[in-house]
Amino acid sequence: MKREDIIQRIIEEKGVNAIPVLINLMEDSDPETYEIITDIIDILGSDAKKYLFNEFIKRFEKNYFDDVVMLYLIDVLSNLECKEIIPYLERMLNMYSDERAFPLIIEALLRLTKDEKYIDILATFLDDTGDLQELAIMAISELPTKKSIKYLLDKYISNISKSEKALILDSIQKLLFKNRELMNEVKNHPAGDEISEMLEWMLK
């Protein structure tokens, strides 16, 4: 059976009632099964919000350590603007040994609160390397402000690789899609001569 057919069948037969089972399956599933599960939950969207929040609370209270499923739950719930999870998020930072969880949690806080202090926290990861830096660069693009674009522009003109510059350009582009007025910040920045024309072309 094709992946699309499996997704459609589960949605039609079980709907949101399938969510608790699907979440439990996430923990030990192979990559292909995991993608099917996440696709189903994404399609159910706001209809799944109550079930996802209940699962989030249940897992939080059990204080699971390094619970990867929780990271997925906070990403989905924050995209669904579930502000009820805000009081729990900062407390979750102590629940992970892998630093890559930190920018994901801070991104959810930024998305839900719109508080620029979380941009400052994410910016502390920009001098890291690998996944941690990449996650921070992508997370900063969540909130289109002068502060967020300045951090990315300053990083762009530092001594970094072409792949890092490409990722920063992508995040800057996302910020500009959300707020075109930020293009003035690009043009007035030392990086502006190099990238402003390219970004204007990309935004057409």
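Helices in these legends are DSSP runs of H or I with at least four residues, numbered from the N terminus, and the model shown is a predicted one.

**View 1. Helices α5 and α7 in the lining of the largest pocket.** Helix α5 (68-79) and helix α7 (101-113) each contribute at least two residues to the lining of the largest pocket, in which about 320 Å³ of space lies. The lining comprises 16 residues, and those closest to the pocket centre are V68, L71, Y72, D75 and L104. By residue class, the lining of this largest pocket divides into nine nonpolar and seven charged residues, with no polar ones.

**View 2. The second largest pocket and the elements that line it.** About 170 Å³ of space lies in the second largest pocket, whose lining is made up of 13 residues, with E27, R59, Y64, D67 and V69 nearest its centre. The elements that give two or more residues to this lining are α2 (19-26), α4 and α5, and the largest share, four residues, comes from α4. The lining of the second largest pocket consists of five nonpolar residues, one polar residue and seven charged residues.

**View 3. The aromatic pair of F56 and Y88.** The structure holds three aromatic pairs, and one of them is the edge-to-face pair of F56 and Y88, with 5.7 Å centre to centre and 80° between the planes. Because F56 lies in helix α4 (residues 49-62) and Y88 in helix α6 (residues 86-89), this pair ties together parts that are 32 residues apart in sequence. F56 counts as buried, at 0% relative accessibility, whereas Y88 is partly exposed, with a relative accessible area of 22%.

View 4. F60 belongs to helix α4 and Y88 to helix α6, so the pair ties together parts that are 28 residues apart in sequence. F60 has 10% relative accessibility and therefore counts as buried, the cut-off for buried being under 20% relative accessible area. Ring pairs join F56, F60 and Y88 into a cluster.

Methods
Residues numbered from 1 in each chain as written. Predicted model: local features only at pLDDT ≥ 70, side-chain atom pairs only at ≥ 80, totals over all residues. Heavy atoms only, no water. Phe/Tyr/Trp six-rings, centres within 6.5 Å; stacked < 30°, edge-to-face > 60°. Buried < 20%, exposed > 50% of the residue type's maximum accessible area, 1.4 Å probe, protein only. 1 Å grid on protein atoms, 1.4 Å probe; cavity = no way out; pocket = protein on both sides within 12 Å on 5 of 7 lines; lining within 4 Å. Points joined across faces, edges and corners; volume = space filled by probe spheres on them. Nonpolar A, V, L, I, M, F, W, Y, C, P; charged D, E, K, R; others polar.
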